[in-house]
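User: I've got a structure to go through with you. Can you take my questions one at a time?

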Amino acid sequence: MTSKQETLVSTFVEVVLDDEVRDTIGSELRTFPNPVDDIDRSLAMLRVAFSKLPIDQLQTILDFGRHVDTPGVALVRNLPVDAELPETPIDGEPSKDKKTFVAEAVLLGLSQLLGEPVGFTTEKSGRLVHDVVPVSAGARSQTNQSSHVFLNFHNDIVHDEVGRYDVSNPDFLVLNCVRQDGNKEAVTYYADGRDISAALDPEVLDVLRRPLFRLNAPGSYVRDVAKGADVLSDLVPVISGPAESPEVAISANGVVGETVEAEQALEELQRVCREVAHQVKLEPGTALLINNRKGLHARSQFFARHNGRDRWLQRTYIRRSLWTIRYRGTAEDRRVH
């Protein structure tokens with residue numbers, strides 16, 4: 001295993017649609033119905049709409065979702081947007097006043113190129129489209145409701161009774177910006193496991209590869225199900241897999257190291273993530289594709305007024321296949337687990 005060496009593959013890629021492509025796709029989405037009302041039909045229609053992408057850009061996004069050696073994060077620019085927007089929700093729930101669904105269609109159109117959108121009963125009530133907005137009650141929490149704190153480097157995990165939170169979790173996330181924060185200061189970070197491993201001291205990397213850590217369940221589970229109590233996983237490594245293609249697992253809501261050495265390694269991991277991370281300021285018309293296994297993402301603090309004009313992202317969780325999490329399936333909806 002090697003470290004402190006130059007990463008041999010690019011861990012970031014950018015895709016910029018030209019105006020004609022944006023307008024061609026946008027014209028099909030302006031009258032698109034709410035896609036979650038008939039999700040499978042909508043995904044089939046969106047596959048046709050997004051086939052209008054130039055072949056090189058289409059392949060870049062498809063390859064992002066299917067190959068081991070491709071970047072862990074991709075920024076897509078100049079996407080269609082809704083002509084008019086209601087106020088940003090202040091409670092984390094979907095807006096009841098949104099009249100068009102261009103943003104939702106863009107989000108799911110990109111998502112279906114990567115895999116299958118999936119909902120989890122313990123996150124946003126199982127919804128497939130998540131409205132990620134600052135909520136005053138969670139302003140200082142390590143959750144997507146926060147704004148007044150740095151949201152630590154993490155990947156999105158899912159509480160699972162099997163004791164592992166890094167098994168049934170999403171393979172990918174897509175974040176589509178509906179409205180930028182008023183001060184245009186919010187930064188999204190992504191630290192790829194390959195860059196992290198190369199920057200870590202070999203001894204620290206070795207500690208992080210041992211099963212010395214317990215992940216706390218996601219903040220939504222702790223808040224809504226466990227009534228504030230920590231719910232820790234079995235002992236797991238933070239970094240696993242081949243040296244050239246590592247997987248990283250960290251919960252935003254806290255990780256407990258079993259030894260002093262393990263706790264110190266966690267602190268060093270967060271420091272190195274800040275050092276190697278790609279940085280993006282999302283604005284309307286941009287979406288971020290995130291590999292949830294290859295690396296960790298974070299978000300800076302930003303000023304939120306909770307007045308209907310705050311930052312508003314929409315997010316999907318994506319699995320390459322729903323087959324391996326069929327044991328979590330619900331009778332009500334085959335996409336909710």
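User: What lies over the face of Phe-302?
Analyst: Arg-311, at 5.6 Å from the ring centre. The rule for a charge over a ring is NZ of Lys or CZ of Arg within 6 Å of the ring centre and within 35 degrees of the ring normal.

User: And which residue lies over the face of Trp-323?
Analyst: Arg-326, at 3.9 Å from the ring centre.

User: What kind of model is this, and what are the ground rules?
Analyst: The model is predicted: local features need pLDDT of at least 70, side-chain atom pairs count only at pLDDT 80 or more, and totals for chains, interfaces and linings use all residues. Residues are numbered from 1 along each chain as its sequence is written, and side-chain values use heavy atoms, with hydrogens and water left out.

User: Is Gln-180 buried or exposed?
Analyst: Buried, at 13% relative accessible area. Buried is under 20%, exposed over 50%, partly exposed in between, with a 1.4 Å probe and protein chains only.

User: What lies 3.5 Å from a polar atom of the Gln-180 side chain?
Analyst: The backbone oxygen of Leu-282. A polar contact is a pair of N or O atoms within 3.5 Å; within protein, one must be able to donate a hydrogen and the other to accept it, and residues adjacent in sequence count only if both atoms are side-chain atoms.

User: And Lys-184, where is that?
Analyst: In the loop between β6 and β7. Lys-184 counts as exposed, at 51% relative accessibility. Its phi is positive, about 55 degrees, although Lys-184 is not a glycine.

User: New topic. How many aromatic pairs are there?
Analyst: The count comes to 5. Rings of Phe, Tyr and Trp (its six-membered ring) pair if their centres lie within 6.5 Å; planes under 30 degrees apart are stacked, over 60 edge-to-face, the rest tilted.

User: How do Phe-64 and Phe-172 sit?
Analyst: Their ring centres are 6.0 Å apart and the planes are at 45 degrees, so the pair is tilted. Phe-64 is in helix α3 (residues 55–66) and Phe-172 in strand β6, so the pair ties together parts 108 residues apart in sequence. Phe-64 is buried at 2%, and Phe-172 is buried at 3%.

User: Which residues do ring pairs link into a cluster?
Analyst: Phe-150, Phe-153 and Tyr-189.

User: What does UniProt say about His-154?
Analyst: The unreviewed entry annotates His-154 as "binding site". UniProt positions follow the numbering used here, feature names are shortened, and annotations may be inferred rather than shown by experiment.

User: Where is His-154, and what is around it?
Analyst: His-154 is in strand β5 (residues 151–154). It is buried, at 7% relative accessible area. Leaving aside neighbours within four places in sequence, its contacts are Ile-250, Ser-251, Ala-252, Leu-296 and His-297. The His-154 side chain also reaches the backbone oxygen of Asn-152 at 2.7 Å.

User: Last one. How much of the protein counts as buried?
Analyst: 58% of the 337 residues.

How values were computed:
Helices (H or I, at least four residues) and strands (E, at least two) are DSSP runs, numbered from the N terminus. Contact means heavy atoms within 4.5 Å.
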